[in-house]
Amino acid sequence: MTQTERSVHVVIVEKFPRRTMTQNGTRGKRSVLKRRLVVCLKIILAITVFSLYVVVLLRESLQAIEENKSRWTSRVPKTSHHRNTGKHLIHHAWKNSTNHPAPPRPSKPTTLNPIYEYSEEVNAAAERDFAERKNHLWDMCIRRGMVGVYPPNAWEFFISPGHGLAWCNVFKAASSSWMYYFNILGGYNLAYLQRTKTSPLELARQRFPRPTLPELADALANSISFLIVREPFERLLSAYRNKIEGFRNKYYKLLAEQIVKKYRKTPKMKARPTFKEFLTYLIHHYKSGNRFDEHWSPIYSFCTPCSINYTLIAKVETFQRDTEYIIRQAGLETLLLNKLPNKKVRAISNRSTSDTRHLIPKYFGQIDAQTLDQIIEIYEPDFEFFGYNFTKYYELIEQN
């Protein structure tokens, strides 16, 4: 072999390994790119599937909201912006007929957050009670000729359009509990609500200003409207013990002093009014045509249930069940269920209601039949409208 051939052979031998390395590097880069492309495609596919899932879930959720809204929307027609009447809020089908059909019973509620235990039996019992209460109320309104007599009192409503709720606040009937709920809906932090010394009513009104009559009419047509009622004389006694006998507020302390001065023959200014003196004050106040304080104002004139077709009428006696039902119908389980502080739960529990009930004989034993007649005249519509019985108070007086 010549030197030239050897040289060429060496060159050839040397070049082949270099070419192989270059090809391997190119193949490696292509492999990496291919893996990256596969990963990117998988990520894009996962995002697409997740997006479709979210769209489908959102669509179903919106459909559930619309179904709840259409099921519970008030049948009250919207009104033009008139200032001189509130009768446009009346359910005319009930206003003009004594044989009105029962309101449709809702089916099992569809909720966005079915986290909490749901009982078909409890839910069915609540639905029956709500339907019976509503039918009984309108029967009594028609029988008494009070449909549309009292114009709606928009001033006392709390309306949350974003949550589909309209609540008429009956004082001394679980009002502090639902005030707490509305403050949560208003965006207040739970820790802040438990430590603040600001009045819950003041906090709530900062987020839910007092509505006008046209605003109330619009809300009633698009919300679950409700009020909570309580046995009238138990509510009255609770108000007396808290505001008059308790001397917890300068305003009510001054009122108590005025009652003692006016209705006691030998007044002692530091003495609290007796329950009978308080009732005497209410009777004279009523006969004079003066407006009652919100804590003992009759519900029939305060929340005007014969002029507003409320979606639901809850009761203090079944507060926990009724409240959970309202919350579920509004789809607010995650926001509101199990959010009340323990002290508020105890305050509104059946035990607390029972305590007031047990005190009835002690306080109503102080009055005579004539005083009872006059005080029943004031609150008799509330007894009849909401299915309570006042005859037991006459039996109590006879026993004493």
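Trainee: Ala174 has a relative accessible area of 7%. Why is Ala174 called buried?

Mentor: Buried means under 20% relative accessible area, exposed means over 50%, and partly exposed is in between (1.4 Å probe, protein chains only). Ala174 has 7%, so Ala174 is buried.

Trainee: What should I know about the model itself?

Mentor: The model is predicted: local features need pLDDT of at least 70, side-chain atom pairs count only at pLDDT 80 or more, and totals for chains, interfaces and linings use all residues. Residues are numbered from 1 along each chain as its sequence is written, and side-chain values use heavy atoms, with hydrogens and water left out.

Trainee: Where is Ala174 found?

Mentor: In the loop between E2 and H4. Helices (H or I, at least four residues) and strands (E, at least two) are DSSP runs, numbered from the N terminus. The protein chain has 17 helices and 4 strands.

Trainee: What makes the phi of Ala174 worth a note?

Mentor: Most residues other than glycine have a negative phi. Phi of Ala174 is near 60 degrees, a positive value. Lys172 lies in the loop between strand E2 (165-168) and H4. Phi of Lys172 is near 65 degrees, again positive in a residue other than glycine.

Trainee: Lys172 has a relative accessible area of 19%. Buried or exposed?

Mentor: Buried, because 19% is under 20%.

Trainee: What does Lys172 have to do with Asn242?

Mentor: They are in contact (heavy atoms within 4.5 Å). Leaving aside neighbours within four places in sequence, Asn242 is in contact with Lys172 and Arg248. Asn242 is found in helix H8. Asn242 counts as buried at 17%.

Trainee: How many aromatic pairs does the structure hold?

Mentor: The structure holds 33. Take Trp178 and Phe182: 6.2 Å centre to centre, 55 degrees between the planes.

Trainee: Why is that pair called tilted?

Mentor: Rings of Phe, Tyr and Trp (its six-membered ring) pair if their centres lie within 6.5 Å; planes under 30 degrees apart count as stacked, over 60 as edge-to-face and the rest as tilted. At 6.2 Å the rings pair, and 55 degrees falls in the rest, so the pair is tilted.

Trainee: Why is the pair of Tyr240 and Phe275 called edge-to-face?

Mentor: The planes are at 65 degrees, over the limit for that class, and the centres are 5.2 Å apart, so the rings pair and are edge-to-face. Tyr240 lies in helix H8 (residues 232-244) and Phe275 in helix H10 (residues 275-287), so the pair ties together parts that are 35 residues apart in sequence. Tyr240 is buried at 2%, and Phe275 at 0%.

Trainee: How do H8 and H10 pack?

Mentor: At an angle of about 105 degrees, with their axes 11 Å apart. That makes H8 roughly perpendicular to H10. Axes are lines fitted to C-alpha atoms, for helices over the stretch in contact, and angles run from 0 to 180 degrees between N-to-C directions. Angles under 35 degrees count as roughly parallel, over 145 as roughly antiparallel, 65 to 115 as roughly perpendicular and the rest as oblique.

Trainee: Which residues meet there?

Mentor: Leu236, Leu237, Tyr240 and Ile244 in H8 meet Phe275, Phe278, Leu279 and Leu282 in H10.

Trainee: What makes Arg205 count as lying over the ring of Phe158?

Mentor: A charge sits over a ring if NZ of Lys or CZ of Arg is within 6 Å of the ring centre and within 35 degrees of the ring normal. Arg205 is 3.7 Å from the ring centre of Phe158 and lies over its face. The charged end of Lys315 sits over the ring of Tyr388, 4.5 Å from its centre.

Trainee: What makes helix H7 (residues 213-220) mostly covered?

Mentor: 6 of its 8 residues are buried. Among them are Leu213, Pro214 and Leu216. The cover includes strand E1 (157-160) and strand E3 (224-229).
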